[in-house]
Amino acid sequence: MLQKLTVLFLVCFLFQCQDDGAVRKQAVAEVQATAEQAAAPPVAAPSPAPTRTDLAPGQTAPTTSQSLQMTLGTAETKVGESACLPVTATGFTDLIGLQFSIRWDPATLTFDRVENFDLPDLSSQNFGATYSEKGVVALSWIHMNLQGVSLANDSHLFDICFVPTGEAISPVEVRFEPRPTPYEVVNTREEILEFVGKNGQITLTQ
């Protein structure tokens, strides 16, 4: 504050030697304006959006409140016999892209096949089963004409089948996971939806 008053005094003193009153008034006004700007509180920068700590590596954060709920169903079978879990979806509206991973304990289940495809442009070619012996299959689906697919709630998409091994203890869990292929659900507006998965299980019978 003392420095500001000193500057103001010097300016006033210098301009007292001049006959131009208008110039003197303008200089005083400029010094006062500078002092007021310096005294004004700083404007706080906007806080950055919180970082999502629950996202898997490579997973894109949702950009809309809309979500897709995926459900792995249930089945019963005996050790050594195949059982198929239905995969259904709710909230499947105007979607053009979908990807996720399905995982299980390879010591208790052996991957058999995928079948009964009810989603347009979906076939066995959309599934990566290279590492199925390690307990993972990945799905990557794109609607070919990019017009978007809409399905009724609880619509069936496909079946995934397994054979329980002698190490299986009932029930055996099969689950959605965002690794190695992260969750991603995209609609025709190029928005990223939240992926919500409900895991399935196989119950062993005698």
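Reader: Is Cys 161 buried or exposed?

Author: Buried means under 20% relative accessible area, exposed means over 50%, and partly exposed lies in between (1.4 Å probe, protein chains only). Cys 161 has a relative accessible area of 0%, so this residue is buried. Please note that this is a predicted model, in which local features need pLDDT of at least 70 and side-chain atom pairs count only at pLDDT 80 or more, while totals for chains, interfaces and linings use all residues. Residues are numbered from 1 along each chain as its sequence is written, and side-chain values use heavy atoms, with hydrogens and water left out.

Reader: Which residue forms a disulfide with Cys 161?

Author: A disulfide is a covalent bond between the sulfur atoms of two cysteines. The rule applied here asks for a pair of cysteine sulfur atoms within 2.5 Å, and by this rule the count comes to one. The partner of Cys 161 is Cys 84, with the two sulfur atoms 2.0 Å apart. Cys 84 lies in strand S3 (residues 83-90) and Cys 161 in strand S8, so the pair ties together parts that are 77 residues apart in sequence. Strands (E, at least two residues) are DSSP runs, numbered from the N terminus. The torsion about the S-S bond is about 100 degrees, and the disulfide is therefore right-handed. Cys 84 counts as partly exposed, because its relative accessibility is 24%.

Reader: Which residues have the most contacts inside the largest nonpolar core?

Author: A nonpolar core is a set of buried Ala, Val, Leu, Ile, Met, Phe, Trp, Tyr and Cys residues joined through side-chain atoms within 4.5 Å. The largest one here has 38 residues, and those with the most contacts inside it are Phe 92, Phe 100, Phe 158 and Ile 160. Strands that each supply at least two residues of this core include S3, S4 (95-104) and S8. The largest share, five residues, comes from S4.

Reader: What is Ile 160 in contact with?

Author: Contact means heavy atoms within 4.5 Å. Leaving aside neighbours within four places in sequence, Ile 160 is in contact with several residues, among them Cys 84, Ile 102 and Phe 111.

Reader: Where is Thr 165 found?

Author: Thr 165 is found in the loop between strand S8 (155-164) and strand S9 (172-177). At 19% relative accessibility, Thr 165 counts as buried. Not counting residues up to four places away in sequence, Thr 165 touches Val 79, Ala 107, Thr 108, Leu 109 and Thr 110.

Note on methods
Helix = DSSP H or I, 4+ residues; strand = E, 2+ residues; numbered from the N terminus.
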